[in-house]
Amino acid sequence: PGSGKSTIAKSLVAQNNNYHIVDGDILKTPAKMLKNAKEYIDTHSIIFDATNNNPEKRSRFIDFAIQHN
């Protein structure tokens, strides 16, 4: 927390509207975050904005990225 992840994500979106931020602070659960990402994956690059401080949490999002290249 507090490392500037959201600031970087917002900066990227401001520079290029082909990005979509999946905000963990708003969506709260990995399931909701992945559902939101799936809604945008065909038209946007996805930024998962969340603290995923252990391998188990990160693996869901890494798997999503691998599946969607």
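Me: Ser45 first. Is that residue buried, exposed or partly exposed?
Reply: Ser45 is partly exposed, with a relative accessible area of 40%. Buried means under 20% relative accessible area, exposed means over 50%, and partly exposed is in between, with a 1.4 Å probe and protein chains only.

Me: Before we go on, what kind of model is this, and how are residues numbered?
Reply: This is a predicted model, numbered from 1 along each chain as its sequence is written, where local features need pLDDT of at least 70, side-chain atom pairs count only at pLDDT 80 or more, and totals for chains, interfaces and linings use all residues. Side-chain values use heavy atoms, with hydrogens and water left out.

Me: Back to Ser45. Which element is it in?
Reply: Ser45 sits in strand E2. Strands (E, at least two residues) and helices (H or I, at least four) are DSSP runs, numbered from the N terminus.

Me: What does Ser45 touch?
Reply: Ser45 is in contact with Asn18, Tyr19 and His20, leaving aside its neighbours within four places in sequence. Contact means heavy atoms within 4.5 Å.

Me: And how far is Ser45 from Val13?
Reply: Their C-alpha atoms are separated by 9.9 Å. Along the chain, Ser45 and Val13 are 32 residues apart.

Me: His20 came up. Where is it?
Reply: His20 lies in strand E1, residues 19–23. His20 counts as buried because its relative accessible area is 14%.

Me: What is around the His20 side chain?
Reply: A polar contact of 2.7 Å joins the side chains of His20 and Asn36. A polar contact is a pair of N or O atoms within 3.5 Å; within protein, one must be able to donate a hydrogen and the other to accept it, and residues adjacent in sequence count only if both atoms are side-chain atoms. Leaving aside neighbours within four places in sequence, His20 is in contact with Asn36, Tyr40, His44, Ser45, Ile46 and Ile47.

Me: Tell me about the partner. Is Asn36 buried or exposed?
Reply: Asn36 is buried, at 16% relative accessibility. Asn36 belongs to helix H3, residues 30–40.

Me: Where is Ile47, and is it buried or exposed?
Reply: Ile47 is in strand E2, residues 45–49. Ile47 is buried, with a relative accessible area of 14%. Ile47 touches Ala9, Leu12, Val13, Tyr19, His20, Ile21 and Val22, not counting residues up to four places away in sequence.

Me: New topic. What is the overall layout?
Reply: The protein has 4 helices and 2 strands. From the N terminus on, the order is α-β-α-α-β-α. The radius of gyration is 12 Å, close to the 11 Å that the globule rule gives for 69 residues, so the protein is as compact as a globular protein of that length. That radius is taken over C-alpha atoms, and the globule rule is 2.2 Å times the number of residues to the power 0.38.

Me: What about the backbone of Lys28?
Reply: Lys28 has a positive phi of about 70 degrees although it is not a glycine. Lys28 is in the loop between helix H2 (24–27) and H3. Lys28 is exposed, with a relative accessible area of 63%.

Me: And Asn69?
Reply: Phi of Asn69 is near 50 degrees, also a positive value in a residue other than glycine. Asn69 is in the segment after helix H4 (55–67). Asn69 is exposed, at a relative accessible area of 89%.

Me: Last one, Ser3. Where is it?
Reply: Ser3 is in the segment before helix H1 (5–15). Ser3 is exposed, with a relative accessible area of 57%.
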